[in-house]
Amino acid sequence: MIAAPRRIPRGAELEPLLRCYGYRITRAGTVKDADPSRDPEDVVAAARLGWPVHATERWTPSEIVERTTAAADSLDPDAVLAAFVAGLGSAPRGRQTVISYGWAQFLDTAPKGTGGIPDCGLDPLHDAGYDVDVTETLLRFALGWSWNELPEKYLPDLEAAVAEGLPLPNEEDRERVRALLDVIRAQPPGTRPSELEKAVARAKIVPGTDKYQRYGILIGLSEIGVLPSPVLAPMWDRFIGNTERHAAYHSVQSGPRSDIPVPLAGWRGGLDERRAQRLLDV
């Protein structure tokens, strides 16, 4: 096993990694799929920069819980929120960490189940461990994707955040979060998440994003409670067990299985102004 560095690829590192994993950046700044490179020189170029390509690391569920908990304990929650604000423009990698941190921060006090593992989305009987291509995972975070359903991938995100620190927002990022909150406030009661995503796209608030990246931003807002959901509390409030999450998902009227997870799937308009202000204040 070759361990990848715990940092977010950037600058000259991105070019060979994009080719190796089959991505390209358009003139508009969006990321599109491309044919992965078969040129061994691209793999060598990535390796020279410290990045093993298509190499996986394997962790047991208990190791993931232990290491993510330790990493989350080393992070300041306000710094995580500030990174999310930066994620709206200057540092797309900041979008994921609010989700990773929310998942990990209550693990140490959560009820323990089989094998001492909380009901957190990891399979305690997965004795072979989880194989994760850390290089690709961190590349995808660098490109601005985020999601809340693959907890094994939270580990490299959190360890990178501890190792290299989290980005700070600039004034343009702060303007974007204000504009995003204004768009949310303007939506009428009953608005669905898919309609909000389209409104955000029309407003052109976050440059270079596709639909899934915009959903990732909205998922982050729902997991910190800025987008209130009647079906499930946000991960930033307390431990959310996988059983509880599944039950909440099946309670949403749109029904299973849309590709919008809870708590976002249950949002029907509205904004938690207190939590929104905290984002503005970091």
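Axes here are lines fitted to C-alpha atoms, for helices over the stretch in contact, and angles between N-to-C directions run from 0 to 180 degrees. Everything shown below comes from a predicted model.

**View A. Helix α1 packs against helix α6.** Here we have α1, residues 14-21, and α6, residues 134-142, with axes 11 Å apart and an angle of about 110° between them. Angles of 65 to 115 degrees count as roughly perpendicular, and α1 and α6 are therefore roughly perpendicular to each other. The crossing of α1 past α6 is left-handed. On the α1 side, look for Leu-14, Leu-17, Leu-18 and Tyr-21; they meet Thr-135, Glu-136 and Leu-139 of α6. By residue class, this α1 and α6 contact splits into 5 nonpolar, 1 polar and 1 charged.

**View B. Helix α8 crosses helix α9.** Next up are α8 (residues 171-185) and α9 (residues 193-203), whose axes come within 10 Å and cross at roughly 135°. That angle makes α8 oblique to α9. As for handedness, α8 passes α9 in a right-handed crossing. From α8, the contact takes Leu-180, Val-183 and Ile-184, while α9 puts in Leu-196, Ala-199, Val-200 and Ala-203. Sort the residues of this α8 and α9 contact by class and you get 7 nonpolar, no polar and no charged.

**View C. Helix α11 has buried residues that pack against α10.** In α11, which runs over residues 242-251, the buried residues are Arg-245, Ala-248 and Tyr-249. They sit on the same side of α11, because they cover an arc of only 100° around the axis. The partner for these buried α11 residues is α10, residues 211-223.

**View D. Ile-64 is a buried residue in helix α3.** The helix spans residues 61-73. With a relative accessible area of 0%, Ile-64 counts as buried, since the cut-off for that label is under 20%. Leaving out residues up to four places away in sequence, Ile-64 touches Trp-59, Trp-103, Leu-122, Tyr-130, Pro-151 and Glu-152.

**View E. His-54 has a positive phi.** Its value is near 60°, and His-54 is a residue other than glycine. You'll find His-54 in the loop between α2 (40-48) and β3 (57-59). His-54 is exposed, with a relative accessible area of 53%; the label applies because exposed means over 50%.

**View F. Lys-204 has a positive phi too.** For Lys-204, again a residue other than glycine, phi is near 55°. The loop between α9 and α10 is the place to look for Lys-204. With a relative accessible area of 72%, Lys-204 is exposed.

**View G. A cis peptide bond links Val-262 to Pro-263.** If you're checking backbone torsions, omega for this bond is near 5°. Pro-263 belongs to the loop between α11 and α12, the latter being residues 273-281.

Terms used: Residues numbered from 1 in each chain as written. Predicted model: local features only at pLDDT ≥ 70, side-chain atom pairs only at ≥ 80, totals over all residues. Heavy atoms only, no water. Helix = DSSP H or I, 4+ residues; strand = E, 2+ residues; numbered from the N terminus. Parallel < 35°, antiparallel > 145°, perpendicular 65-115°, else oblique. Left-handed = near helix turned anticlockwise from the far one by under 90°. Contact = heavy atoms within 4.5 Å. Nonpolar A, V, L, I, M, F, W, Y, C, P; charged D, E, K, R; others polar. Buried < 20%, exposed > 50% of the residue type's maximum accessible area, 1.4 Å probe, protein only. Arc of directions from axis to C-beta.
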